[in-house]
Amino acid sequence: MANSFDLTNLLRDNIRKLIPYSSARDEFKGEASVLMDANENAYGSPLDRSYNRYPDPLQHQLKLKLSGIKGVPARNIFLGNGSDEAIDLLYRAFCRPGIDNVLLVPPTYGMYEVSANINDIAVKKVSLTPDFQLDLDGIAEAIDDNTRMIFLCSPNNPTGNSLRREDVETILANFGGLVVIDEAYINYSRQKTFIQELTEYSNLVVLQTLSKAWGLAGLRLGMAFASEEIIEVFNKIKPPYNVNQATQELVLKALDKLETVNAWIRETVTEREQLSEELRKLPFVLHVYPSDANFILAKTTEPRQVYEYLVNKGIIVRDRSKVELCAGCLRITVGTPDENKMLIAALKQYP
Ligand SMILES: *Cc1c(COP(=O)(O)O)cnc(C)c1O
């Protein structure tokens, strides 16, 4: 591995040559009293609030506010319809179908592979070590000339742990393609975010989302943080109005409630540790993995039976026992204190 990162080289030819769609809101950006340029309905919307106008394609207000919260300049932020949009755009911009490949480190978030399959991009896999850390030698060996991206998820889903920072830095410093770090669960982590390292590493893309700690999964707002050049690529190929007006308005309001969100994060972390302790006491629980996220991975003697027992009690957890390195494992999202008590009460009565 030798970091010979060159964004222009990495870009697909068709994307480099692309003349992007130019919307009405791209061509006229000022204030005006009569808007007759976008074929909108001038009469309004059949709702209390008006949604008859197209939203800001680049979400300027929202980015400015997020910039203040995250400490990253607005020009280094891309906003999408969930993180999944950013993942898909990365494949479409940087990977040639049928030619290039990406490197994944299972067990990890399933969407990286699904998105690769949709885009006809080959997937190379180097499993995490038994303690769910990166196998750096294996990764170095697996990378070839057509490896365009490495996806790392930290804290990792479904294992819950953070990847060792030095290992991630080793990959950033040595890999000549993009290193995508998915930080969906960073708010619950003891580890520091990588979004402050964008000036250090030109091949870094950090994904975050409002779907977890911010409690806004239904609004679909994903964030990508990267160099200005990478953000320009995202903006060039994204659907023009990829973040709708309702989401932009509601998120702007939600971002004023940082204190509420921080209180939830503290409570979730406290509950996570308590729930982990309680789970460890159960006779059919073999191991509870340490978690830096808002969920816990627990290895049990009979995952399917425990899963079905809980379903009958109206409690749904995720059976991850068929996933590589996760034999016997259930993934349990931390709930409210009441919900966590219900779960433990039910499990104490098992079978
Ligand atoms: C939940 C989750 C996301 C969030 O995806 P959105 O599309 O933003 O809701 C992203 N990455 C990982 C690893 C997740 O677990």
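Student: Where is Pro-158?
Tutor: Pro-158 sits in the loop between S4 and H8. Helices are DSSP runs of H or I with at least four residues, strands are runs of E with at least two, and both are numbered from the N terminus. This is a predicted model, in which local features need pLDDT of at least 70, side-chain atom pairs count only at pLDDT 80 or more, and totals for chains, interfaces and linings use all residues. Residues are numbered from 1 along each chain as its sequence is written, and side-chain values use heavy atoms, leaving out hydrogens and water.

Student: What is the peptide bond from Asn-157 to Pro-158 like, cis or trans?
Tutor: That bond is cis, with omega near 15°. Pro-106 and Pro-107 are also joined by a cis peptide bond, with omega about 0°. Pro-107 lies in the loop between strand S2 (101–104) and helix H6 (111–118).

Student: Why point those out?
Tutor: Most peptide bonds are trans, and most residues other than glycine have a negative phi.

Student: Which residues have a positive phi, then?
Tutor: Asn-39 is one of them, with phi near 55°. Asp-120 has a positive phi of about 60°.

Student: Are they buried or exposed?
Tutor: Asn-39 is exposed, at 78% relative accessible area. Asp-120 is partly exposed, at 48%. The cut-offs: buried is under 20% relative accessible area, exposed is over 50%, and partly exposed is in between, using a 1.4 Å probe and protein chains only. Asn-39 is in the loop between helix H3 (24–27) and H4, while Asp-120 is in the loop between H6 and S3.

Student: New topic. What order do the strands of the seven-stranded sheet have?
Tutor: The order is S1-S7-S6-S5-S4-S2-S3, in an open sheet with mixed pairing. Two strands pair if DSSP finds at least two bridges between them. Strand S1 (77–80) and strand S3 (122–125) are the edges, each pairing on one side only. On average, neighbouring strands are turned by 25° against each other, direction ignored.

Student: How do S5 and S6 pair, parallel or antiparallel?
Tutor: Residues 178–182 of S5 and 204–209 of S6 pair in the parallel sense, over four bridges. Val-179 has Leu-204 in S6 as its bridge partner.

Student: Which strands does H4 touch?
Tutor: Helix H4 (residues 60–70) touches S1, S6 and strand S7 (222–225), and its direction makes about 120° with that of S1. Contact means heavy atoms within 4.5 Å. Axes are lines fitted to C-alpha atoms, for helices over the stretch in contact, and angles run from 0 to 180 degrees between N-to-C directions. Helix H8 (residues 165–174) lies across strand S4 (147–153), S5 and S6, at about 150° to S5.

Student: Last one. Which residues cover the buried part of H11, or rather, which elements?
Tutor: They include strand S8 (285–288), strand S9 (295–300), strand S11 (329–333) and helix H13 (337–348). Buried residues of H11 include Val-261, Ile-265, Arg-272 and Leu-279. S11 is mostly covered too, with four of its five residues buried. S9 and S11 pair in the antiparallel sense over five bridges, and Ile-296 stands opposite Ile-332 in S11.
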